[in-house]
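Colleague: Hi! Could you walk me through this structure in plain words?

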Amino acid sequence: MGKMKGWPYTDFATGWYQIGYSAEIKSGEVKSAQWLNQDLVIFRTESGELCALDAFCPHMGAHLGHPGEFGGRVCGETIQCPWHGWEWNTDGTIHRIPYMEDHSISAKLDAKYVRETDGIIMMWYDHAGGPPTYEWPGLPFLGDKADYYPIDWTVDGPHRVKPQFPMENSADPHHFPYVHGSGVDAEFTDYVVDGAFCTNKMLMTFGAGKESTWLTPNGPVDGEIDNFFWGASLGIARFNIDGRICVHLTVLTPIDEDNAIFFSTVTHSKEPGDTGDTPTGIAKKMMDAQHIQIRNDFHIWQNMTYRVRPIFTGEAEKTRYAFIRKHFDKFYPNPVY
Ligand code: FES
Ligand SMILES: [Fe+2]
């Protein structure tokens, strides 16, 4: 896929990016990965610590993420290189050189900051190389987390889409009828910013003008969607429709300058009386619908040119769209607003 026309930024935005799910990597497992233009080895030690390191061994350059038939694996709390068996600690320092107990090697692999929260793996990226300046607190459950179904996810790509685009939906009331088939424009509140965190609310009548829909069997319901954004990379929409809560995390994590993998993660409050872990009824339909609905925007994003100075027209675009672009701008190395 080619470059996105008009994109002004010279590097990725600083922030947390999703790189997978905890359930996908068990103790002793090793994976190779490319995220944010970096070749990485990701592994889980025997005690269960998740670790992401630079992929290439400082010794002679083997990729640590491709264990072979005879060498390379997780050894206790270290990862062993498949070429000459050097063992590396999770902080990137050398643990052992099997054929030279007494060595003075100070070479180090770059260790990434990774976190596991609510079953989601996040990795920190800082265009200046710094450590995390905030933490991602996890999914914003309303009420008791135990009353929600386990997370359900879909992953696909690569897409030529920028991480901040799904979040820009919260500033864009006029695209809903055209891209999402909704009967009415949405209404949003102003953004409230606290450091890297930003939030606003969308008010929408679900099932407007219809006697009943699968989502609103008893007629139209005034619902709320709370948006939660961290940096220019993590976005969550939390739906509250008559006390039914659906939490949807969407993350586009770049693999290189132009392409990103899309993670869509959903959970929903359990159906009344349901104590099981398998979504049923409206909850199941709502979770499935989220994965599909968000993808309606992709044909726009993949083919657009990015206008640094769009013709913002009307109150919502002039205030909110301009505002959120300016907010996201702060996380890039070369702000343009
Ligand atoms: S290249 Fe890794 S131990 Fe030699
Ligand atoms: Fe949209």
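Modeller: Happy to! A term to begin with: two strands pair if DSSP finds at least two bridges between them. Strands (E, at least two residues) and helices (H or I, at least four residues) are DSSP runs, numbered from the N terminus. Residues are numbered from 1 along each chain as its sequence is written, while chains are lettered from A and ligands numbered from 1 in the order in which they are written. This is a predicted model, where local features need pLDDT of at least 70 and side-chain atom pairs count only at pLDDT 80 or more, while totals for chains, interfaces and linings use all residues.

Colleague: Thanks! In strand 10, what is the bridge partner of Tyr21?

Modeller: The partner of Tyr21 there is Ile120. Strand 1 and strand 10 (residues 120–125) run antiparallel and are joined by six bridges.

Colleague: Which sheet order are those two strands part of?

Modeller: The order is 1-10-9, an open sheet of three strands with antiparallel pairing. At its edges are strand 1 and strand 9 (114–117), each pairing on one side only. The twist from one strand to the next averages 30°. For such angles, axes are lines fitted to C-alpha atoms, for helices over the stretch in contact, and angles run from 0 to 180 degrees between N-to-C directions.

Colleague: What holds paired strands together in general?

Modeller: Strands of a sheet pair through backbone hydrogen bonds, either parallel or antiparallel.

Colleague: Which strands form the open sheet of four?

Modeller: That sheet has the order 5-6-7-8, with antiparallel pairing. Strand 5 (73–75) and strand 8 (94–96) are the edge strands, each pairing on one side only. Neighbouring strands of this sheet are turned by 40° against each other on average, direction ignored.

Colleague: How many bridges pair strand 7 with strand 8?

Modeller: Two bridges, in the antiparallel sense, with strand 7 covering residues 87–89. Trp88 stands opposite Ile94 in strand 8.

Colleague: Let's zoom out. How many helices and strands does the protein chain have?

Modeller: The protein chain has five helices and 18 strands. Its radius of gyration is 22 Å, close to the 20 Å that the globule rule gives for 337 residues, so the chain is as compact as a globular protein of that length. That radius is taken over C-alpha atoms, and the rule is 2.2 Å times the number of residues to the power 0.38. Along its principal axes, the C-alpha trace spans about 75 × 50 × 35 Å.

Colleague: And what share of the residues counts as buried?

Modeller: Of the 337 residues, 33% do. A residue is buried if 20 or more other C-beta atoms lie within 10 Å of its own, exposed if 12 or fewer, and partly exposed in between, with C-beta atoms placed from the backbone.

Colleague: Why is strand 18 said to be largely enclosed by the rest of the structure?

Modeller: Nine of the nine residues of strand 18 (residues 260–268) are buried, so the strand is largely enclosed. Ala260, Phe262, Ser264, Val266 and His268 point one way, Ile261, Phe263, Thr265 and Thr267 point the other way, and all are buried.

Colleague: Which strands does strand 18 pair with?

Modeller: Strand 11 (residues 152–159) pairs with strand 18 in the antiparallel sense over six bridges, and Val266 is the bridge partner of Asp152. Strand 17 (residues 244–254) also pairs with strand 18 in the antiparallel sense, over nine bridges. There, Val247 has Thr267 as its bridge partner. A hairpin of five residues joins strand 17 to strand 18.

Colleague: New topic: is Asn334 buried or exposed?

Modeller: Asn334 counts as exposed, because it has 10 C-beta neighbours inside 10 Å. This residue lies in the segment after helix 5 (314–329). Leaving out residues up to four places away in sequence, Asn334 touches Tyr9 and Thr10; contact here means C-beta atoms, placed from the backbone, within 7 Å.

Colleague: Last one: what domains does the assignment give?

Modeller: Domain 1 (15–125) and domain 2 (145–329), with bounds from an automatic or database domain assignment. Their centres, taken over C-alpha atoms, are 34 Å apart. In the contact between them, 13 residues of domain 1 meet 16 residues of domain 2. Strand 1 gives the largest share of domain 1's touching side, six residues.

Technical notes
Two residues are in contact if their C-beta atoms, placed from the backbone, lie within 7 Å.
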